[in-house]
Amino acid sequence: MAGKQLTSSSLARARAASPRGLLAATALLLLLLLAASYSLLLSPSSPGGLASPSSGPGSAADTAFLASLDRFLASPRRSAPSSAAPGDLDAAIRAEEEARLHGGGAWPAAPAPLRVYVYEMPSRFTYDLLRLFRDSYRETSNLTSNGSPVHRLVEQHSIDYWLWADLIAPESQRLLKNVIRVRRQEEADIFYVPFFTTISYFLLEKQECKALYREALKWVTDQPAWQRSEGRDHVIPVHHPWSFKSVRRFVKKAIWLLPDMDSTGNWYKPGQVYLEKDVILPYVPNVDLCDSKCVSETQSRRSTLLFFRGRLRRNAGGKIRSKLVTELKDAEGIIIEEGTAGADGKAAAQNGMRKSLFCLNPAGDTPSSARLFDAIVSGCIPVIVSDELELPFEGILDYRKIALFVSSSDAVQPGWLVKYLRSIDAKRIREMQSNLLKLQYSRHFLYSSPARPLGPEDLTWRMIAGKLVNIKLHIRRSQRVVRESRSVCTCDCRVGNNTRMF
């Protein structure tokens, strides 16, 4: 009430004041509204604030994929009866939305929990694939064509598991209050498709995988809710750039959960992905979290100026790596190493990052790399050299507080990058290190079970909730537009994703 009275009195004074006073009062009001909006956006979704890693109903949160998966598969099936679609799903949805709109003004004007209907797909698309991964995890030595361990790649892109496991958990075990699972399709804002596209790509034979993709496609597109919206309100996790690739063109209107976007066409065809529709999610970090105690202990020992350990040669945009190696390999205070797989490789990368002020994050085969999130959870300031990069949750997070952005053309100039890093004063370095620690940026990139407020699962649903009105706009427009008029594509087509345009 005090805030309301302050605003009212400010407006009253403004009416009686000179034009100059009116402008000042208007500016003050705008600043107050902006601060309130920002506070609401970043406020934790549970009344108690951010849960610590040890908080939660009954037990500590799991952040290790395999440990969480073991517990998940050992627990009873997490399903309760969900109703089938009503005979006239569109009419039922319209009635539900009108009731929410006029039944107290809670929607869409005020924040409300995002309502998600989770499809109960046959086990061959869900549990069977999780068991296949779990049972073969420790026995495999299979590698991809570029030498990366297959199961580690699956784990790195396991966002589909973390989101689904949290959505279907009993409500008493969940910490997130801004997203709820609904059992009736007409109540849903969003429909979640729990198909493990990355596991099937890497662990099934090529033809078996393609056949399963076609089966999943038919199952989903046969659903009345999909047919009503042409998939616009459906969420599909396709977090590895190769996953679901053979059938993507049939689901391009759905909301894709992606690791990044690529405007070159190497990974995604033009018109398939764009920021207004899709959501960028972080990779699962490869290294362990360096918590506040770890950061304070390593702060004085960060003697390396710039560190990189990973594949030194990549394709597409990743060709920048070999150029950077040539430029930086003999520079003082800089460590550039070829990465290796396994526990020894992880330990070497982790130790190197914890001893460095800056960690180099060049493009890989795609614009993004898990190394960015490894640096953040290690307390190392990322130096991003990837001109086409799109970042997770950038509508909520400001990466300029914790990272440096360098154009590829500057980075490969002789001596430029080293000179630039050495020119950054100690005060700015301390500020960025402090932001990494005090603003707890790591929490935004650590998946867990149960999912925690302001963790990546939480921010994913916040980003999708922000798209909701636009999603409904396109659904309703598509239902009434005559096919011959202007073309329905008019509102769906977007320019290529290019960071220089945003």
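This short talk goes from the whole protein to one strand and then to one aspartate.

What we have is a predicted model, in which local features need pLDDT of at least 70 and side-chain atom pairs count only at pLDDT 80 or more, while totals for chains, interfaces and linings use all residues. Residues are numbered from 1 along each chain as its sequence is written, and side-chain values use heavy atoms, with hydrogens and water left out.

Of its 502 residues, 49% count as buried, and buried means under 20% relative accessible area with a 1.4 Å probe, protein chains only.

Now to strand S5, residues 255-258, where Ile 255 and Leu 257 point one way, Trp 256 and Leu 258 point the other way, and all are buried. S5 pairs in the parallel sense with strand S4, residues 234-237, over three bridges, and pairing requires that DSSP finds at least two bridges between the strands. In that pairing, Val 235 stands opposite Ile 255. Strand S6, residues 279-280, also runs parallel to S5, joined by two bridges, and there Leu 258 faces Ile 280.

Finally, which residue lies in the loop between helix H10 (224-229) and S4? That is Asp 233, whose side chain makes a polar contact with the side chain of Ser 229 at 2.6 Å; a polar contact is a pair of N or O atoms within 3.5 Å, and within protein one must be able to donate a hydrogen and the other to accept it, while residues adjacent in sequence count only if both atoms are side-chain atoms.

Terms used. Buried < 20%, exposed > 50% of the residue type's maximum accessible area, 1.4 Å probe, protein only. Helix = DSSP H or I, 4+ residues; strand = E, 2+ residues; numbered from the N terminus.
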